[in-house]
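Keep the structure open as you read.

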Amino acid sequence: METYKKEFIEFMLGADVLKFGDFTLKSGRKSPFFMNAGGYVTGSQLKQLGQYYARAIVETYGKDFDVLFGPAYKGIPLAVVTAVALDELYGLEVRYCSDRKEAKDHGADKGGFLGTKLKDGDRVVMIEDVTTSGKSMAETVPKVRGAADVQIVGLMVSLDRNERGKGTKTALKEISDLYGFPTAAIVSMPEVIEYLEAAAKLDAGTKARLDAYYEQYGAAE
């Protein structure tokens, strides 16, 4: 496992963003872990988060893209801090864009988007915190493709939960199959479990609950 992935796992735990316990997800599933990117609240945390996303995006998709698109609301700060990090780490100048939950009908920036205006030919990387059901992509991909003749290079999330979406595949794989672009994560939950086990940071009770959860909800691919 790459060093930055191990560092990102420690970063999530240190920021208390990745938690183990008993949680009920929006899907109704009872999960032994929960990841909330809204827990990154300080300047230093947001700076580091953008750097992890930037590195993962460049290593996965390269540098040939023009726009970072973050779905409202959590995707807005993710797109902003990652755009800053891409400039700082790679000298890569990209624009950020986000959708509005409600279109603005007044002023110079009226419309359904924040940030840059999407243009024909733009290559877009979508950025999210974690994808469980794919609902946000169902809302935003048509908006992005409807705004201009763009190419969506791929989607990057921070954590792939590696559990079934609506069918037998992971939500990320379902998104890729449905919309025709690749999907990736900074780390996957199996990588988190592997790392914590190797570092003797995962107690037997939590490991048993994780195993039971994936026995029930684990994805075929």
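This is a predicted model: local features need pLDDT of at least 70, side-chain atom pairs count only at pLDDT 80 or more; totals for chains, interfaces and linings use all residues.

Asp16 sits in the loop between α1 (3-14) and β1 (18-24), and its phi is positive, near 60 degrees, even though the residue is not a glycine. Why is that worth a second look? Most residues other than glycine have a negative phi, and most peptide bonds are trans.

Ala200 is another non-glycine with a positive phi, in this case about 55 degrees. You'll find Ala200 in the loop between α6 (189-198) and α7 (204-217). With 71% relative accessibility, Ala200 counts as exposed, since the cut-off for that is over 50%.

Two glycines also come up with positive phi. Gly180 follows α5 and has a phi near 80 degrees. Gly28 belongs to the hairpin of β1 and β2, where 5 residues lie between the strands, and its phi is near 95 degrees.

Here are the positive phi values side by side:

| Residue | Phi | Setting |
|---|---|---|
| Asp16 | near 60 degrees | a residue other than glycine |
| Gly28 | near 95 degrees | hairpin of β1 and β2 |
| Gly180 | near 80 degrees | follows α5 |
| Ala200 | about 55 degrees | not a glycine |

Then there's a cis peptide bond: the one from Ala72 to Tyr73, with omega near 5 degrees. Tyr73 is in the loop between β3 (67-69) and α3 (75-90).

β1 and β2 run antiparallel and pair over 5 bridges. One detail to click on is Thr24, whose bridge partner in β2 is Lys30.

What do the buried residues of α5 pack against? They pack against α4 (135-147), β7 (151-160) and β8 (183-188). The helix itself spans residues 171-179, and its buried residues are Ala171, Leu172, Glu174, Ile175, Ser176 and Tyr179.

## Rings

How many aromatic pairs does the structure hold? There are 11. Take Phe11 and Tyr52: their ring centres are 5.4 Å apart and their planes meet at 40 degrees, so this pair is tilted. Phe11 is in helix α1 and Tyr52 in helix α2 (residues 43-61), so the pair ties together parts that are 41 residues apart in sequence. Both Phe11 and Tyr52 are buried.

Phe33 and Tyr213 make an edge-to-face pair, 6.1 Å from centre to centre with 80 degrees between the planes. This pair links distant parts of the chain, with Phe33 in strand β2 (residues 30-35) and Tyr213 in helix α7, 180 residues apart. Phe33 and Tyr213 are both buried as well.

Phe11 and Tyr52 turn up again in a cluster: ring pairs link them with Phe8 and Tyr40.

## An annotated site

Which residues does the UniProt annotation "binding site" cover? According to the unreviewed entry, they are Thr132 and Arg161. Arg161 is placed in the loop between β7 and α5. Is Arg161 buried or exposed? Its relative accessible area is 4% and Arg161 is therefore buried, given a cut-off of under 20%. The Arg161 side chain also makes a polar contact of 2.9 Å with the side chain of Ser31.

Methods:
Residues are numbered from 1 along each chain as its sequence is written. Side-chain values use heavy atoms; hydrogens and water are left out. Buried means under 20% relative accessible area, exposed over 50%, partly exposed in between (1.4 Å probe, protein chains only). Helices (H or I, at least four residues) and strands (E, at least two) are DSSP runs, numbered from the N terminus. Contact means heavy atoms within 4.5 Å. Rings of Phe, Tyr and Trp (its six-membered ring) pair if their centres lie within 6.5 Å; planes under 30 degrees apart count as stacked, over 60 as edge-to-face and the rest as tilted. Two strands pair if DSSP finds at least two bridges between them. UniProt positions are given in the numbering used here, feature names are shortened, and annotations may be inferred rather than shown by experiment. A polar contact is a pair of N or O atoms within 3.5 Å; within protein, one must be able to donate a hydrogen and the other to accept it, and residues adjacent in sequence count only if both atoms are side-chain atoms.
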